[in-house]
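Work through the exercises below with the model on screen. Each task is followed by a stepwise solution.

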Amino acid sequence: MVTYKLYYFNMKGRGELIRLLFAASGQKYEDFRIEKNDWPEYKAKSPFGQAPYLEITNGKKTMILSQSVAIGRYLARKFGFAGKGDEEQAMVDMYGDQISDLLNEFAKFMMEQDETKKQEIFQKLQNEIMPFHMKFFEAKLAQSKTGFFFDSGLTWIDLYLFNLLGLLGDQRNQLFEHFKAVKNLYDKVSEHGKIKAYLETRPETAM
Amino acid sequence: MVQYKLYYFNARGRAEFIRFIFAAAGQEYEEIGFEIEQWPEYKAKSPLGQAPFLEVVENGQTFQLGQSLTIARYLARKFDLAGKSAEEQAKAEMYADQVFDLLNEMVKVHFEKDITRKIEAANKLFTESIPNSLKVFDNKIAKNGSGYLVASGLTWADLFLADFLDRLREKKDILLSNAPAVKSLYEKVLDHPKVSKWIAKRPKTEKYLYQKPQNFD
């Protein structure tokens with residue numbers, strides 16, 4: 001029997017994709033939330049000194065994986081949320097990499113200390129980067145028969161984009177005015193069986 | 001029969017490790033290269049408005065893929081360079097994502113206009129980020145017994161790491177002196193019979209082409 005233990009901070013951030021995948025699959029796991037003061041201890045245990053990382057134990061063997069999206073794809077393939085067939089899986093991957101690019105741009109904004117630079121990045125994010133990426137997602141989602149990215153059903157990228165939109169907070173309402181299919185995806189994921197139950201019980205955190 | 005077409009600028013840039021994958025697999029492909037001035041024409045044909053992009057033609061059907069990592073993962077799986085189990089595949093992807101983060105950090109340094117921030121960021125890259133990651137790679141490789149990042153042998157993650165090290169040019173020597181297993185891996189990849197053939201015949205441009213990260217028009 002395989003057991004899973006996720007190590008991440010008490011926030012959504014880059015760990016929530018993994019939590020959403022576990023929720024969607026119904027697979028039990030230990031959701032360990034690291035206190036900020038304890039981070040040095042856990043940093044030393046993580047493969048590259050970063051979180052999230054996932055401990056996978058199968059009998060006597062333990063494997064530790066880091067890089068949130070590598071973990072995401074691994075679980076998605078195990079749980080059937082990776083897309084059907086090599087070509088669809090690759091297309092899912094492609095949109096996933098686009099979402100990662102966008103998330104990284106957002107992270108740049110969040111981490112910027114210099115107020116002037118931060119404002120500059122925010123403007124670029126709001127006026128150029130967000131719309132650029134959302135346009136692509138909108139175009140794909142608008143074609144969907146199911147409201148998810150792919151007609152074969154829910155894939156990890158639906159959860160990934162849902163999480164990113166969640167991190168934007170109220171800013172997303174502005175986006176939703178221009179990108180209706182993206183809004184529809186957000187709503188669909190929120191309402192999706194096991195996800196809905198998870199969203200009702202998960203810890204409330206700002207990010 | 002499947003035909004592959006790789007579209008990218010006439011440079012190494014974000015496509016070179018994909019070329020390494022084709023080479024290691026001994027897979028023929030068509031290289032469609034262009035200059036920056038020609039980009040608008042190709043951008044219009046691309047799936048995401050970005051390069052590189054891949055076209056796969058099979059049984060009269062064309063399938064397009066963008067995002068260098070996606071292309072790499074797809075080809076690696078097709079050519080058995082992805083790792084021999086779901087777990088190895090995930091490890092290879094983890095290592096590759098780590099290399100990708102380093103590459104993006106390097107690009108960020110390149111584009112930083114403020115001199116103070118640029119020097120600070122370059123410092124962090126070469127004294128912390130890269131050495132820290134190399135140390136982890138070094139430990140993994142040393143433990144594996146295969147001389148590569150995963151136990152079963154060569155994967156696309158090794159090719160990506162080798163390409164990244166290439167970009168560091170003379171800076172890599174000192175970095176690799178502290179990571180002997182990585183140094184061996186790097187030499188193994190360059191000496192790989194099929195990869196070395198590609199390296200010998202590839203265009204002698206040293207261009208990595210740090211084009212603007214995004215074109216937002």
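**Exercise 1: One residue in chain A**

Leu164(A) sits in helix H6 (residues 156-167) of chain A; helices are DSSP runs of H or I with at least four residues, strands runs of E with at least two, numbered from the N terminus. This is a predicted model: local features need pLDDT of at least 70, side-chain atom pairs count only at pLDDT 80 or more, and totals for chains, interfaces and linings use all residues. Residues are numbered from 1 along each chain as its sequence is written, chains are lettered from A and ligands numbered from 1 in the order in which they are written, and side-chain values use heavy atoms, with hydrogens and water left out.

Task: Determine whether Leu164(A) is buried or exposed, and list its contacts beyond four places in sequence.

Solution. 
1. Leu164(A) counts as buried because its relative accessibility is 2%. The cut-offs are under 20% for buried, over 50% for exposed and partly exposed in between (1.4 Å probe, protein chains only).
2. Leaving aside neighbours within four places in sequence, Leu164(A) contacts Ile99(A), Leu102(A) and Leu103(A). Contact means heavy atoms within 4.5 Å.
3. Ser100(A) is 64 residues away along the chain, yet its C-alpha atom is 9.3 Å from that of Leu164(A).

**Exercise 2: Chain B against chain A**

Task: Describe the interface of chain B and chain A by its contacts, buried area and salt bridges.

Solution. 
1. Count residues. 35 of chain B contact 34 of chain A.
2. Take the area. About 3100 Å² is buried, and carbon and sulfur atoms give 54% of this. Buried area is the accessible area (1.4 Å probe) that two parts lose on being put together, summed over both.
3. Count the charged pairs. There are 8 salt bridges between the two chains; each needs a side-chain nitrogen of Lys or Arg within 4 Å of a carboxyl oxygen of Asp or Glu. One such bridge links Lys78(B) to Glu87(A), with the closest N and O atoms 3.3 Å apart.
4. Place the elements. Strand E4 (61-66), helix H3 (68-78), helix H4 (86-111) and helix H5 (115-144) of chain B each give two or more residues to the side touching chain A. H4(B) gives the largest share, 12 residues.

**Exercise 3: Inside chain B**

Solution. 
1. Domain 1 of chain B covers 2-79 and domain 2 covers 86-192, from an automatic or database domain assignment.
2. Count. 13 residues of domain 1 of chain B contact 16 of domain 2 of chain B.
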